[in-house]
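Here is a short report on one protein chain. Keep the sequence and the 3D view open while you read.

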Amino acid sequence: MTNRLTTRDILALGFMTFALFVGAGNIIFPPMVGIQSGEHVWIAALGFLITAVGLPVITVIALARVGGGIDALSSPIGKAAGIVLATVCYLAVGPLFATPRTATVSFEVGIAPLTGDGALPLFIYSVLYFALVILISLYPGKLLDTVGHFLAPLKIIALAVLGVAALLWPADGMAPATDAYQHAAFSSGFVNGYLTMDTLGALVFGIVIVNAARSRGVSDAKLLTRYTILAGLIAGVGLTLVYLSLFRLGSDSASLVDQNANGAAILHAYVQHTFGNTGSLFLAALIFVACMVTAVGLTCACAEFFEQYLPLSYRQLVFILGLFSMLVSNLGLSHLIQISVPVLTAIYPPCIVLILLSFTLKWWKKSARVIAPTMLISLLFGIIDAAKGSALASLLPGFVQRLPLAEQGLSWLPPSLAMLVLVAFYDRALGRQQVSAHQQ
């Protein structure tokens with residue numbers, strides 16, 4: 001006999017999913033898009049919402065349909081390629097970028113204004129922060145209680161206060177859009193949505209959400225799918241509301257900070273301007289809870305994943321991941337963003353292709369024939385897009401800059417679509433040959 005979730009538990013699961021998503025990137029990147037896109041803010045916001053809300057929700061639905069993990073989703077590309085893809089995703093959203101970023105953002109917003117931006121305060125803060133992350137992550141079975149029923153509602157209330165403030169008391173001072181947003185507001189927003197890492201996060205969290213429902217005694221596959229999809233949709237609505245208010249906050253803050261400021265600086269300036277020192281304390285507490293929840297979710301998910309492939313226990317991995325993330329966090333926020341942008345630009349396209357094509361499996365005679373080549377092409381062109389935004393740009397041949405959609409950072413899209421059409425015809429043709437061979 002399978003259990004069913006109560007309405008309260010479904011809401012808690014949705015809030016937990018939302019809370020897992022809303023980490024450092026979700027709070028710092030929308031204000032940056034807002035301030036830089038100026039008069040084109042809502043076109044840029046639309047692009048951003050597609051990659052930062054639409055794709056993660058679709059990813060949660062795709063994972064729910066296959067029963068939870070990234071390994072099930074990546075089965076059409078073969079076991080070895082699937083493990084490589086999963087490892088890259090887990091490392092990116094885990095100890096390499098996203099987990100350390102939760103510490104640097106909460107430090108820059110809450111602590112740095114009081115202590116200064118020095119290396120020593122950051123180090124002391126990161127030690128205390130990750131000690132707490134490790135402690136909570138050691139008890140993953142209690143996640144729905146600690147996160148869903150306690151930390152997530154706190155985070156939602158605090159974000160709601162910030163969002164309402166941005167609408168009621170704008171700082172008034174819109175700057176003209178920067179070059180990138182003058183020429184391509186929609187696609188600049190679209191590519192900036194990658195930086196929240198939510199689609200990669202969704203690939204990783206999918207199993208955490210499913211397991212949280214299982215921990216309440218739900219075993220029926222259809223019910224698990226339904227609850228996971230509901231949780232994804234609740235999280236999607238919450239994310240959209242948060243982002244819209246943060247775009248507004250950013251676009252009106254040009255009179256307070258430099259247009260090139262990072263999101264932590266924009267938020268701090270706005271809150272200081274609107275609420276004074278009390279507000280700064282409130283913001284520090286909000287960002288701390290938001291980042292802590294995400295760091296715990298990521299650490300649990302990464303430890304559960306690597307436990308399958310390494311001769312280490314879950315607890316040992318929690319300690320290793322926590323300590324490694326702590327070391328990386330001491331690079332500081334701006335450095336972390338600089339390093340992560342090219343890596344995310346390269347790995348997002350194949351992940352997008354895999355997620356979207358997972359809904360088409362029944363169309364093909366053999367899905368591996370279609371999905372693997374399309375992902376490979378998207379990865380190659382994703383790497384070219386990444387190189388253009390890095391120190392290697394000067395080494396690239398001239399024609400790379402003239403590829404279709406290259407200026408928008410989406411030069412992977414046309415060749416991936418072309419490859420998809422080619423392999424789809426090839427799959428159909430081979431399917432027909434096999435049928436006629438059987439008839440003879």
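## Helices that keep their span

Helix 5 covers residues 79-96. Helices here are DSSP runs (H or I, at least four residues), numbered from the N terminus. Helix 5 still bends, by about 30 degrees at Y90. A bend is the angle between axes fitted to the seven residues ending at a residue and the seven starting there. Y90 is also buried, as are G82, L85, A86, C89, A92, V93, G94 and P95 of helix 5. Buried means under 20% relative accessible area, exposed means over 50%, and partly exposed lies in between (1.4 Å probe, protein chains only).

Helix 3 (residues 41-66) has 26 residues. Its first and last C-alpha atoms are 37 Å apart, close to the expected 38 Å. Helix 3 bends by about 35 degrees at L49. After helix 3 comes G67, with a positive phi near 95 degrees.

Residues are numbered from 1 along each chain as its sequence is written, and side-chain values use heavy atoms, with hydrogens and water left out.

The average pLDDT of the chain is 81, and 90% of the residues score at least 70. The score is the predictor's confidence in each residue, from 0 to 100. Which element has the lowest mean pLDDT? That is helix 8 (residues 143-168), at 75. Helix 13 (residues 314-329) has the highest, at 92. Where pLDDT is low, the predicted coordinates should not be read in detail.

## A kinked helix

Where is the kink in helix 12 centred? It is centred on F275, with an angle of about 135 degrees.

## Two salt bridges

Side chains of opposite charge can pair when their charged atoms come close. A salt bridge needs a side-chain nitrogen of Lys or Arg within 4 Å of a carboxyl oxygen of Asp or Glu. The count comes to two.

One joins D252 and R248, at 2.9 Å from N to O. D252 is buried at 11% relative accessible area, while R248 is partly exposed at 26%. The other joins R369 and D427, at 3.1 Å from N to O. This pair links distant parts of the chain: R369 is in helix 15 (residues 367-388) and D427 in helix 16 (residues 413-439), 58 residues apart. Both R369 and D427 are buried.

## Inside and outside

S411 sits in the loop between helix 15 and helix 16. Is S411 buried or exposed? S411 is buried, because its relative accessible area is 1%. The C-alpha atoms of S411 and D385 are 6.8 Å apart, though 26 residues separate them along the chain.

L128 belongs to helix 7 (residues 119-137). L128 counts as exposed, because its relative accessibility is 58%. With L120, F123, I124 and V127, L128 makes a nonpolar surface patch of about 480 Å². Patch residues have over 30% relative accessible area and no salt bridge; like charges are joined within 9 Å, and nonpolar side chains (Val, Leu, Ile, Met, Phe, Trp, Tyr) within 5 Å.

Definitions and conventions:
Predicted model: local features only at pLDDT ≥ 70, side-chain atom pairs only at ≥ 80, totals over all residues. Helix = DSSP H or I, 4+ residues; strand = E, 2+ residues; numbered from the N terminus. Areas by Shrake-Rupley, 256 points an atom, 1.4 Å probe, with all protein chains shown as cover. Expected span 1.5 Å × (residues − 1).
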